Amino acid sequence: MKSRMPIYLFLKPFVFKHKVTLLRIFTYLILISIMSTIPVDIMRKIIDEGFGRKDLTLIVQLVMIMLGLNILKSIFTMIMNNSAIVISQSVIKDIRKNIFSKLLYMPFSFYSRKESVYVSSRINEINNINDLFSINFFNILVSFFTFFFYVYFLGIISTKLLIVSLVPVPILFFIVKIYTGRVNKLTNELLEADSVQKTKVSERIRGVEYIQSVSAEEDEFSVLTEGDNEVIT
């Protein structure tokens, strides 16, 4: 059986066309992560130096810097999200065009094995790529880079505290890796089962007259409900 191509290899030629925009998004992502980390050090200075020395001028200056950083972060976040949406829609359109061109040249044997409803259902799954360029996805990336910037600043403050803080990280990494692998496997199985179930429903609807003529309503009802049980848990 031919192994399935990894998703990143499949998406690579479509996404690489937008490498300039992706580089810009990555730059915004790094800047947003830095701007999310700097306020922690500013707050420390406000407490230690501003309130400690009762320096009102310093406090006001640092607060204004924090306000400016938050405004810039909001602007960069908006630009990054808009760019991600544009890329997502463009990639989906290119993939659909690529698949449509291949489907029209597929041999008849392919369509004898696969129902049109099944094929249409799998094509519509392309829209799930939106999740890859969603706001939540980039927020996760921002959190990821922010974590490393926090680690960097923590290492500057105290090496011992850094080591203690990083102890749980390998354990969390393996837990997430195992969980992600299981979720991906379950998602693929559910998508496949959903496409098969839609094919079954379409076949039964088209053949409802024959089903009624041979009094097979209960048998076909059982087939459909069993299919739903596999898709909807």
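The accessible surface of this protein comes to about 16,800 Å², and carbon and sulfur atoms account for 67% of that area. Keep in mind as you look around that the model is predicted. Of the 233 residues in the protein, 26% are buried.

Now follow the chain from its start.

Next, step inside. In soluble globular proteins, nonpolar side chains tend to be buried together. Here, the largest nonpolar core holds 32 residues, and those with the most contacts inside it are Met80, Val91, Ile95, Ile129, Phe133 and Phe138. At least two residues of this core come from each of helix 1 (7-16), helix 2 (19-51), helix 3, helix 5 (116-124) and helix 6 (135-157). Helix 3 gives the most, with 13 residues.

Leaving aside neighbours within four places in sequence, Phe133 is in contact with Val15, Leu22, Ala84, Ile87, Ser88 and Phe138.

Finally, take a look at Asp94, which is found in helix 3 (residues 56-103). Is Asp94 buried or exposed? Its relative accessible area is 13%, and the cut-off for buried is under 20%, so Asp94 counts as buried. Apart from its neighbours within four places in sequence, Asp94 is in contact with Phe14, Lys17 and His18.

Conventions:
Residues numbered from 1 in each chain as written. Predicted model: local features only at pLDDT ≥ 70, side-chain atom pairs only at ≥ 80, totals over all residues. Heavy atoms only, no water. Buried < 20%, exposed > 50% of the residue type's maximum accessible area, 1.4 Å probe, protein only. Areas by Shrake-Rupley, 256 points an atom, 1.4 Å probe, with all protein chains shown as cover. Helix = DSSP H or I, 4+ residues; strand = E, 2+ residues; numbered from the N terminus. Contact = heavy atoms within 4.5 Å. Core = buried A, V, L, I, M, F, W, Y, C linked by side-chain atoms within 4.5 Å.
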